[in-house]
Amino acid sequence: MPYPHGGLARHANLPPGERLRVLLVEDDEGDAFLVGELLAETNSMIELLVATSLSEARQRITGVDCVLLDLGLPDAQGLDGLRQVLEMSSGAAVCVLTGRSDEHLGIVAVAEGAQDYLVKGQVDGVLLTRALRYAVERKRADENARRLREVELRQAESARLERGLLPQPLMTTDQVAVHTFYRPGRHAALIGGDFFDVVQTRPDRLYLIVGDVCGHGVDEAALGVELRVAWRALVLAGVPDDEVLPALEQVLMSERRLQEIFATVATTRLDLDANRATVRLAGHPPPLLLSGGRVVPVPAPGGLLLGVRPRRPIAYDLEFDTDDWSLLMYTDGLIEGRVGDGNERLDVPGLSGLLDEPANREVSLPDLPAWLVGRAEQINGGPLADDVAMLLVSRGGGR
């Protein structure tokens, strides 16, 4: 029950956010009466509850905004009582009441975790009310700062984890150069459902993959990493090329959280000495070939999405006419942006048109992927919504 002298009734009709519930832990009836009268005379809008011991306080502390604690109680003395109240009070603020002779305990109490201390006989109603409200606000600020710090630490830990999961191309050859671009659509993330990788298995052979797991969440990002790592393991283990994507599909189907989850994939095997490539598509947009001043999509069969109806993708052999060429592999986040105000998408022809623009001739090959994203966003009228991953592998002049 509320203390009958001073304060407000439990069901007082107060504006939201203004009503405070204060638990006074005080075994002296006279001091308790005085606190109640001080709060009543200032119309403090504080509901005052009184407990005469820590054991009684433990039963009444639920839902309390602030605990006003006397350090001299029958079942706890000094800072031991404070420590018990701090342990049981959870999110409630704690103010300590001290006598004139032990004011130093108030300072020590604040160092222990109390929000403030008050000296008996030296406070009026206004000061008491203000101290209680300040203590509650200070506690809330401390809790917010603690939660913010926890969030920052979790974000930093997640960033370190995600950074460690980003691929490092495994290649030593200098016959070609590989330039990468990766940007997740998920806010504040480092990895998304798109993935890419590069693996060299012998001096004249290079394997490349770009893939896209449908969805934008953490689960899709984790699945994308699993598929990338599985693909690298399959390639390094020497699994025949025709069996790699079917094996990758098995991984997808066993690891996905929902049966509706699928992935699109494009892979390329580069035979550098023969100056040729073998492209396989599983529902993925085709790579673009830049050579002889022209930009053309590689006419590889589109194939089926991974995880829908297992079927081995058809290989397409590509012969390079010169030693100056680039092959751009990308995910559909790059080409799904709008063109103008209508519903038309950039799509593969639009991306080819961007690469045909005279302005891109002045862009260096390492900067070309980022330039393409910038142009796609300019045409889209804002940032692209989906993840974007790109691999640009170039030989000679690259164009």
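Biologist: Is Asn275 buried or exposed?
Modeller: Asn275 is buried, because its relative accessible area is 10%. Buried means under 20% relative accessible area, exposed means over 50%, and partly exposed is in between, with a 1.4 Å probe and protein chains only. This is a predicted model, in which local features need pLDDT of at least 70 and side-chain atom pairs count only at pLDDT 80 or more, while totals for chains, interfaces and linings use all residues. Residues are numbered from 1 along each chain as its sequence is written, and side-chain values use heavy atoms, with hydrogens and water left out.

Biologist: Where is Asn275 found?
Modeller: In the loop between strand S11 (263-271) and strand S12 (276-282). Strands (E, at least two residues) and helices (H or I, at least four) are DSSP runs, numbered from the N terminus.

Biologist: What is the phi of Asn275 near?
Modeller: Phi of Asn275 is near 55°, a positive value in a residue other than glycine. Most residues other than glycine have a negative phi. Asp347 also has a positive phi, near 60°. Asp347 lies in helix H8 (residues 347-356), and counts as partly exposed because its relative accessibility is 39%.

Biologist: New topic. How many salt bridges does a search of the whole structure find?
Modeller: The search finds 28. A salt bridge is a side-chain nitrogen of Lys or Arg within 4 Å of a carboxyl oxygen of Asp or Glu.

Biologist: Which residue forms a salt bridge with Asp271 at 3.6 Å?
Modeller: Arg276, with 3.6 Å between the closest N and O atoms. The side chain of Asp271 also meets that of Arg269 in a salt bridge, at 3.1 Å from N to O.

Biologist: Why does Asp271 count as buried?
Modeller: Asp271 is buried because its relative accessible area is 7%. Arg276 is buried too, at 19%, and so is Arg269.

Biologist: Which residues are linked with them in a network of salt bridges?
Modeller: The network links Arg205, Asp241, Arg269, Asp271, Arg276, Asp317 and Glu319.

Biologist: And what about Asp356 and Arg361?
Modeller: Their side chains meet in a salt bridge, 4.0 Å from N to O. Asp356 is partly exposed, at 38% relative accessibility, and Arg361 is partly exposed at 35%.

Biologist: On to rings. How many aromatic pairs does the structure hold?
Modeller: Two. Rings of Phe, Tyr and Trp (its six-membered ring) pair if their centres lie within 6.5 Å; planes under 30 degrees apart count as stacked, over 60 as edge-to-face and the rest as tilted. Tyr182 and Phe196 form a tilted pair, 5.9 Å centre to centre with 45° between the planes. The pair links distant parts of the chain, with Tyr182 in strand S8 (residues 177-183) and Phe196 in strand S9 (residues 194-202), 14 residues apart. Both Tyr182 and Phe196 are buried.

Biologist: Why is the pair of Phe320 and Trp325 stacked?
Modeller: Phe320 and Trp325 are stacked because their ring centres are 3.8 Å apart and their planes are at 5°. Both Phe320 and Trp325 are buried.

Biologist: How far apart are Leu289 and Phe320 in space?
Modeller: Leu289 and Phe320 are 9.3 Å apart, C-alpha to C-alpha, and 31 residues apart in sequence. Leu289 lies in strand S13 (residues 288-291), and counts as buried at 11% relative accessibility.
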